[in-house]
Amino acid sequence: MRAWQAQQGFDETGILTTGERAILLEQFNAVFDGLGLEVVREAKAGIEMLVPTNIVSFEAYAPPFARFTASGDIEQAQLLMISQDGAETELRGLYDIMQTLEIVPSEGARQIRDDTFEMEGIGDDFISYTFAETQRAKIKGFTLIWPAGDEPRRARVVQRLKDSFTPIEGVLDPTLGDPAEQAIDLVAGLEIRQPLRTGSGFFINDQGTVLTHASNVAGCGRISLNDRYTATLANPITSSTSELAVLTPTEPLAPASYAQLTGEPIRLGQSVAVAGYPYGGVLRAATLTFGTLRDLRGLQGEADLSRLSMLAAGGDIGGPVVANNNAVIGMLAPRQSPSTQDLPADVQFAINSSTLLDLAKAADVTIAAPNSTTGRLSPEELTLQAREFPVLVQCWE
């Protein structure tokens, strides 16, 4: 107090007078000047709280959000009121969904309890804060988006909004909103964060270890499996394992099934299929693309490759190539041409399973021994069984 009095030119008594106290409070609250903090009662959302009305204004309902967008000097400011039916299970679902949105960057602290969660998303030019809780089977909360570089004011605005937050009667009608804003890459009109690239892989044991092609995870800041689990690269990519990446989930994962690799060759001309995610996870289940084994070597005689005839897509790379008994005979590799000539669209290559076993051994990874394989399966039976062990591999910044 003496230091502040000296700074202000007052007598350094160490005790504030009534007038000095008023000046100090005025300085303390000066960060809110121009924001127009006013209590807004949003009846449709069932929420009453302070809103910086000089900075944002109501735009639209997009359940579970009532969206307030920038209308003042702070162009990046946004406020979302969150309102939907739901208890603990739905709250956790909302927690997962929020983290896929562009407005919630992956960096930042976050915590969830039985009946509430908080999360912060720190981007290059903005920071978002989200709070939500469930009471009497109603989920209410808010998200504030604020430009980076204004942290002292942002932190105090967040606290004022949180202190003022009051659930009232009512919940947002899920049928409100513009149907035109519905899209696979949107949630309530907000963009879903997209990975740098996607590929395929497959489980190789009951601990959830995944094999994929190294090109799928090169230069990734974060790796996810099946759009849900975070994984780490278990093996350094060296010259001896340059085509193989081994991924370990960071939390316990028990797959329904895992691949049965076999080193036994199959006959040329036999039907094979690659199980993968050619559309980058738009389809939630793995897709089987059928084809034919054309050669047990690559175009230049490479012994570690097989040549296939099938119309696979880039998202299938890293996926298991299965024979008609569901045994994994290889991993789909990127298309390679020995010259500048374009290859026919149906020419694909697979890293042979024997090579995969050698690469895994070089990476100090144990692959479960194969069980006795079943007999030939119908395409329908193969599709059902071969969908159980492929994995969607996503590479994030």
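1. Start with the second largest pocket of this predicted model. Its lining is made of 15 residues, and those lying nearest the centre are Glu102, Pro105, Ser106, Arg193 and Glu397. The volume of the second largest pocket is about 380 Å³.

2. What kinds of residues line the second largest pocket? Seven are charged, five are nonpolar and three are polar.

3. Now turn to the largest pocket, with a volume of about 1,100 Å³. Here 34 residues form the lining, and Asp96, Thr100, Asp227, Arg228 and Trp396 lie nearest the centre. By type, the lining of the largest pocket has 13 polar, 11 nonpolar and 10 charged residues.

4. Which element gives the largest share of the lining of the largest pocket? Helix H3 does, with five residues. You can find H3 at residues 88–98. Strands S15 (222–225), S16 (229–233) and S24 (390–396) also supply at least two residues each.

5. Please look at Arg154 too, which sits in helix H4, residues 151–164. Is Arg154 buried or exposed? Its relative accessibility is 4%, so Arg154 counts as buried, the cut-off for buried being under 20%.

6. What surrounds Arg154 beyond its neighbours within four places in sequence? Arg154 is in contact with Glu120, Ile127, Tyr129 and Trp146. With Glu120 there is also a polar contact, side chain to side chain, at 3.0 Å.

How values were computed. Residues are numbered from 1 along each chain as its sequence is written. This is a predicted model: local features need pLDDT of at least 70, side-chain atom pairs count only at pLDDT 80 or more; totals for chains, interfaces and linings use all residues. Side-chain values use heavy atoms; hydrogens and water are left out. On a 1 Å grid over the protein atoms alone, a cavity is a set of points where a 1.4 Å probe fits but cannot get out, and a pocket is an open set with protein on both sides within 12 Å along at least five of seven lines; lining residues have an atom within 4 Å of a point. Grid points are joined across faces, edges and corners, and a volume is the space filled by probe spheres set on the points. Helices (H or I, at least four residues) and strands (E, at least two) are DSSP runs, numbered from the N terminus. Ala, Val, Leu, Ile, Met, Phe, Trp, Tyr, Cys and Pro count as nonpolar, Asp, Glu, Lys and Arg as charged, and the others, Gly among them, as polar. Buried means under 20% relative accessible area, exposed over 50%, partly exposed in between (1.4 Å probe, protein chains only). A polar contact is a pair of N or O atoms within 3.5 Å; within protein, one must be able to donate a hydrogen and the other to accept it, and residues adjacent in sequence count only if both atoms are side-chain atoms. Contact means heavy atoms within 4.5 Å.
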